[in-house]
Amino acid sequence: MSEAILEIRHLSKAFGAHVVLRDIDFTVHPGDVTSIIGASGSGKSTLLRCVNLLETPTSGEILFHGRDVAGRGMNAASYRSKVGMVFQSFNLFNNMTVLENCMVGQTKVLKKSKEEARQNAMKYLEKVGMAPYINAKPRQISGGQKQRVAIARALAMEPEVLLFDEPTSALDPEMVGEVLAVMRDLANEGMTMLVVTHEMAFARDVSNHVVYMADGVICEEGEPKELFAHPKQARTREFLSRFTGQVSGD
C-alpha cells in the first residue's frame, strides 16, 4: 500500500456546546476515490471544510504527507493549492470571465506568469468541455457549466487531492449527469478525490472506498460493493434502503 496522502486522526469539531464531529478517523491514499455519504446534518460538509482548513478542528489531527496541517504555522493558501475544493454553490468570481476564474489562483498563489496560467487554464477548460465559454461571465452560463468551470479552476492548481462538497446538489437534474461524467473521468485517470455526495450510484460505482456518517460519527466504512450489498450496521441498512431505487442495477 502506498504512503497515505491524507490521514484524519481523532478529528472532532464543536460549535460552542454543539458537537458536529466526534473522533473521525480515516485515511486517503493516492488514487483513492472516497465517497462520504449520510443524511443531511450528519457532519459530512463540516468534515470536508475541516480537511480544507475552512473550519478549525476542535481536536485531532489532519496529516498531509505526515504533517499536521491543523497545527500552527501552516500556510493555508499553499496547502489549499495542493488540496483543492469544489463547492456546492460553485464560488466563482462573478466579475471575472470563465478564463480569468481559472487563472487567478495560479497567478496569485502559484506565482505563475499570465501566459503560463492562461495555457494551463485552457488545458483544463478543454478537459471539462468549457473552452468555448472562456469569455463568458458566470451569470451567462448554466449551473452545470458553472460547476464544470469550478472543477477546471481547481484542476488548474494541479492539486494532489480534490475535495467535492455535494457538487451536484445545487444543479437541475438534467445537469447532474454532465458534472458526474467529468468526475468519473477524473477518477478513471487516477485523481485522488474525497467526495461528499447524495449520488449513491456514483458512490457505489466510481468510489473505491465509502464512508457512511450519521450524527457526526463514522458508522461504517468499506469497499462500495460490500457496504452497499451487505451493510453491517442497522443505521447503514436503513439509510441505504431509501436509495435502493437510485442504485439498483449495475
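Student: What should I know before reading the model?
Tutor: The model is predicted, with local features needing pLDDT of at least 70, side-chain atom pairs counting only at pLDDT 80 or more, and totals for chains, interfaces and linings using all residues. Residues are numbered from 1 along each chain as its sequence is written, and side-chain values use heavy atoms, leaving out hydrogens and water.

Student: In what order do the six strands of the open sheet stand?
Tutor: Strands of a sheet pair through backbone hydrogen bonds, either parallel or antiparallel. Here the order is 6-7-8-3-9-10, with mixed pairing. Strands are DSSP runs of E, at least two residues; helices are runs of H or I, at least four; both are numbered from the N terminus. Pairing takes at least two DSSP bridges between two strands.

Student: Which strands stand at the edges?
Tutor: Strand 6 (83-86) and strand 10 (217-222). Each has a single partner strand, so one side of each is left without a neighbour in the sheet.

Student: How many bridges pair strand 3 with strand 9?
Tutor: Four, in the parallel sense, between residues 33-37 and 209-214. Isoleucine 37 stands opposite tyrosine 212 in strand 9.

Student: What is the order of the four-strand open sheet?
Tutor: It is 2-1-4-5, with antiparallel pairing. Five bridges join strand 1 (residues 6-15) to strand 4 (residues 59-64). Leucine 6 has phenylalanine 64 as its bridge partner in strand 4.

Student: Is valine 104 buried or exposed?
Tutor: Buried means under 20% relative accessible area, exposed over 50%, partly exposed in between (1.4 Å probe, protein chains only). Valine 104 has 16% relative accessibility, so it counts as buried. Valine 104 lies in helix 3 (residues 98-108).
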